[in-house]
Amino acid sequence: MTIASFITKNALRNKRRALLCVLSVAVSLFLLVTLQVALREVTLPPEDVGAALRVVVRNKISISSPLPARQRAVIERIPGVEAVSPFSFFGGKYRNEESMSFAQFAMDPKLLRKIFGEAKMPENQYAAFEADQTACILGKVTADKYRLKVGDRVPLTSTLYPCSIELKIAGIYEGTIDDRNLLFHHKYLDEAGGSPGWVAMWWVKVRSVEEMPRVTEAINRAFASSSAEVRAETERAFQLSFVAMWGNIKIMVHSICTVVVFTLVLVTASTMSMAIRERFRELAVLKALGYRRRELFAFILAESFGLAALGAIIGIGTAWTLFTHASIAKLTQGIFLTFEVTPRIIGQAALVAASLGIIASLAPSIAVARMSVVEGLKTLD
Amino acid sequence: MALPLRYNLRNVIVRWRATIATILGVALVVAVYILVQSLAVGLEKSSRNTGDSRNVMIVRKGSTAESSSQITREQFQLLQYWPQIARDGRGQPIVSADVVVMVTLPRRESTAEAHVLIRGITPAGMKLRPQVSLVAGRWFVPGRREVVVSQRLAARIANFDVGAQFKTGSHTLTVVGWLDGARSAFDSEVWMDANEARSIYHRDNYSSILARVVNETAGAALASRIESDKRLPLRALPEVQYYSAQTMTAMPIRILGNFLATAMSIGAVFAAMNTLYASVGARTREIGTLRVLGYRRRSILSSFLVEGALLALVGGILGCILSLPMHGYSTGTISFESFSEVIFEFSLTPWLMAKGLIFAVAVGLVGSLLPALRAARLPPIVALNSV
Amino acid sequence: MSAPPVVVIQETSKIYQQGEINVIALDRVSLTIRGGEFLSLMGPSGSGKSTLLHIVAGVDRPTSGECCVRGIDLKRLNESELADWRNQNVGFVFQAFNLIPVLTAYENVELPLLLTRLRGKARRTQVNTALELVGLADRRNHLPRQLSGGQEQRVAIARALVTDPPLMVADEPTGNLDSQSAHDVLTILQALSRSAGKTVILVTHDPKAAAFGTRTVHLEKGQLLN
């Protein structure tokens, strides 16, 4: 019998206990990884591929104040600007739904590929979308959710504009960072009674990354003392400013995560020290046989560490496998899209598991150090 | 026949370390559950606290928030003098057409920004909202670019001190006072003169109309008259009802709370299970002895279930106590209706605590079920075998 | 004139499965014990004396054969009925005392009474009587660990007789005791059979202890020796 097999045998002596231990570590770490991944996705939205070359222009007052349509020509004339498209949030409710379940934007279909380039869609669907003013294209996630296909009609009632519209699906796209949205003709919005002459935002494609700061600056300056002052910023900055709107909720979720981890560490550590305390009699026997304290500590640590490591492998492994291979967009009905388990998050969880192994072995180690052989032999399990 | 409780109690004390860990575990689970749910309750409360039962709110059909509602001047003229709307001493209708604009402003404590609602309001509008009071400075003077901001909002937004100035678009506004909304939705607003607001934000239209109606029947009549008038694509409903429906933001918080509670309770169940399994293991001979003395399986089973439930109940009570200091603590997040900053507070109701306790007991029962079954299945003969 | 039989065992066998081999603990044993008898059951370890005791006391069931106690065939009782029956008919004394460590002497003795309809004063009287009978009335509020081994066993006897059962069974009650304490315990058991008319079955391997009985039966390899 080797030391290792002795430790293994000891750890598995009470199989139920060992199983509960490993499972609770696994559940805790699974939860930890899930929360971290969700928080990361909410606070650090995934960056779109062409984002580095896109500038978002909105009214300086706030996003809900519109911009006059005449600004488009002014922006287009700025050197370095490749294309400008209106981009208005429609805020429509689908059929008789209580609330908005996916976003719809009115824009210029001719510039779809130039500005928002990375959507995968058959060529004929692109053409069909451009040709028909009442047409729209829909992301695959939403299309799957409502079992919609090309040719179907999508009735929408706006919560922002005093109108209802019905759009025909000309294409279903995928392969963008957010395959949930619906895009349709801005012209149609104007005609349907949106607010002709006004748009919510301008999305601008810039020719090169080097020209970005200059173009942004130029757009801001162009309307500096007009009745509609604008704020132009990179798509990323625009995204992140939205995240900041979450306010205290973010901090609260963070502190809740901390409490969650603490609770689970506490519970698991107590379970593990209990498992080890059960083993007092053997430890006393070992002491009687001439083992030194140091070696007993090593026994305890190895067992506690082994249980934590096994739990970590199961918990983190399950999370990683699930989030990497299952379609999270489908599972969460499009609330979360990528749900990426980053190496950093795995590292964090592993670190928690390692500290758990150490913390759990502390109490029994101290008790063993104090224990006399006779006393230990008397301990009943 | 049940075993006496002090039997459980003393056993619990003997295994105090595991017991404390279990109790603390359950306590934290319950505290997290209660706190997250109390946020949702607080949000709903702030909506429910808003509104006067004598008032009727009129908004554009289909709009979900005042800031996205539009009412034209013609529409306002049309209904302003309807007989269902109450009149003041001088025969003027008590009605206010407000304009609500969302503006982006920097936060106080960081470089981040927040959306804040500015309400352009008339004197009648202020009379219609008597729960709002001035707590510092003075009210704005019509025709001047002055605002009165909510005191709670001032704690979170930069340049909201009385006397300070802030920029919105190309205009500069001066804060002349602080208001208190008595824990209503108005705690999340900035008030200024209606005409001034329409001029600086280029609004031809109003956002909403608030009217005092003669009585409840008149309110219903007003609603049905608007509904049937083809010229008015509007919707009228009691102000109280309008605000109490604005609770969409509470939903994801509730879901988060339930998710956390479920996931954490699995851990807590494991803890309770372990503690009780250890308890059963250590008491094997005792249990056998009790069986020899004539105690039935059922008694042993219920004794362990009661022990688990009580342990968890103590944890639940501790969890309530732990979360209690957060009661009334004010906080804010983005509203899913108006997309603007909404201020609300943790609100721990007795019902919420009761739910927390029920939840704790459930965790205790589930956690103790398997160990209790194991204990009950022990044959009396173990009393004699295991030494 | 002899008293009516209290325990009637007929052709009773008990076979344990131990791995792949069958161990015969009791081999077609027949035995009759009369009311008021103090029967000493002797034999070496593994002779089946404890198994026989367990079967009579209703904590174990025979593989075959019959065991009637006071006219009731224990085979016919289900698990809960058997539990009730034990509570009303058998007082059990263990070698290792088996007192509940977290309960006081008084509470330990009271334990079987919680299953009966007895309430309040009657219950107190009965517990106190039992404790007085074993001479421990002054120790009623002590926890088991505050008592000596002999005192613990006397508390256990008090617990066994507090329900006033007609049958008392004791499995090596003196095994963990010094000779003076052992003598005290056996004297109490003897008194119970003599003056209270209880049927007592004592399992022991100590001839001195067995001598307290009115009759001694020897068991070896699961069979009675005559």
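Predicted model: local features only at pLDDT ≥ 70, side-chain atom pairs only at ≥ 80, totals over all residues.
1. Start with where chains B and C meet. On the chain B side, 21 residues are in contact with 21 residues of chain C. Helix 1 (5-14), helix 10 (284-292) and helix 13 (382-385) of chain B each give two or more residues to that side. Helix 10 of chain B has the largest share, with five residues. As for the kind of residue, the chain B side has 12 nonpolar, six charged and three polar ones.

2. Next, have a look at strand 11 of chain A, residues 201-206. Five of its six residues are buried, so the strand is mostly covered.

3. Which strands does strand 11 of chain A pair with? Strand 1 (residues 54-59) of chain A is joined to strand 11 by four bridges, and the two run antiparallel. Here V56(A) has W203(A) as its bridge partner. Strand 3 (residues 81-89) of chain A also runs antiparallel to strand 11, with six bridges joining them. In that pairing, P86(A) stands opposite W202(A).

4. Now for the nonpolar cores. The largest one has 231 residues, and L29(A) and V32(B) have the most contacts inside it. Helix 2 (residues 16-48) of chain B gives the most to this core, namely 19 residues.

5. Leaving aside residues up to four places away in sequence, L29(A) touches G311(A), A312(A), G315(A), I316(A), A349(A), V352(A) and A353(A).

Note on methods
Residues numbered from 1 in each chain as written. Chains lettered and ligands numbered in written order. Contact = placed C-beta atoms within 7 Å. Nonpolar A, V, L, I, M, F, W, Y, C, P; charged D, E, K, R; others polar. Buried ≥ 20, exposed ≤ 12 C-beta atoms within 10 Å, placed from the backbone. Pairing = 2+ DSSP bridges. Core = buried A, V, L, I, M, F, W, Y, C linked by C-beta atoms within 7 Å.
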